[in-house]
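Hello,

Here is the structure for your files. My notes on the ligand site follow below it.

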Amino acid sequence: MNNLRIGLPSKGRLAEQAGELLGQAGLKFRRQDRSLFARVSELPIDITFLRTDDIPVLCAEGAIDMGITGSDLLDEAGVELTTRLALGIGKCRLSVCVPEDSAIQTPADLDGSRVATSFPHVTEQFFQQHRANVHLVPLSGSVEIMISLGVAEGIVDLVETGSTLAANRLRILTDIGQYETVLVQNKQTRRGDIADRIVRRLEGVVIARAWSLLEYNIPRAKLAAAELITPGFNSPTVNALEDTDWCAVQVMVKRKQVIDVMDKLEAIGATAILETEITNCRL
Ligand code: AMP
């Protein structure tokens, strides 16, 4: 019973994404019939499936050593945990929202109003800082319909694409914070060695998902300009070519920027520009 215990969301999109991420990092486990526990093969790790919003408290209390949850839920729980890694998924913001046609301009204008939210602690702190006294309506879901139900004048809710707000004819007044899915750890973790190994493995997958490997040939005279366009994760690898006026470059480029970077490299004379997707790495 000296295994590292990792808490994972038991259902929903985050459960699927967390499972995929761990699988890519070589943590193989099978969950049987909605069971609450699973054993990772070939590593001293036990998985416990929990409600995502309980993971911060259960990790702080030592029921699990590490957990995957939203940084929004960490803030709301107000617990002391170490964030080991941002996982590059579940990016969203927590926003104060009001009706599209409302005259409200600032958070202070909500003084004396009712605000519905699933984040009562974060919301209370925010309005205190803005010297607004609001009546909180704490709820566990469907916050976006509370204004039309006549329950509140404003809401505080997570926003990803903004389509839920648009469908409910609401607009963002201001953001309280930016959040994403994170791997957390408590101070009393029993298997620090295994925890560190898992962090390194997941880091390799998270970086591989966000970056591509780009290769190209460039005249030596243009190498400095090319390195400005592709500075790389650390620095580019430059190899000699038989034609001594030319060299070959291998470099990591953010996936989102690859097409734009290709245009720029081509414009300064690069040839044979190739993108290779990487599935895992250690840098
Ligand atoms: P959207 O319509 O894309 O702006 O998504 C907003 C809806 O999805 C709201 O009901 C949110 O509560 C929920 N949502 C968005 N992002 C997240 C997230 N990272 N974690 C949990 N719920 C989220």
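Which pocket does the ligand take up? The space taken by the ligand is the largest pocket. A pocket here is an open set of points on a 1 Å grid over the protein atoms alone, with protein on both sides within 12 Å along at least five of seven lines. A molecule sits in a pocket if more than half of its atoms lie within 2 Å of its grid points.

Note that this is a predicted model: local features need pLDDT of at least 70, side-chain atom pairs count only at pLDDT 80 or more, and totals for chains, interfaces and linings use all residues. Residues are numbered from 1 along each chain as its sequence is written, and side-chain values use heavy atoms, without hydrogens and water.

The shell (a heavy atom within 4 Å of the ligand) includes Cys92, Asp157 and Glu160. It divides into 3 nonpolar, 5 polar and 2 charged residues, with Gly counted as polar. β9 gives the most, with 3 residues. Both elements are DSSP runs (helices H or I, at least four residues; strands E, at least two).

Now the polar contacts (N or O pairs within 3.5 Å):

- A ligand nitrogen is 3.0 Å from a polar backbone atom of Gly90.
- A ligand oxygen is 2.5 Å from a side-chain N or O atom of Thr161.
- A ligand oxygen is 2.7 Å from a polar backbone atom of Gly162.

Regards

Conventions:
Polar contact = N/O pair within 3.5 Å; in protein donor to acceptor, adjacent residues only side chain to side chain. 1 Å grid on protein atoms, 1.4 Å probe; cavity = no way out; pocket = protein on both sides within 12 Å on 5 of 7 lines; lining within 4 Å.
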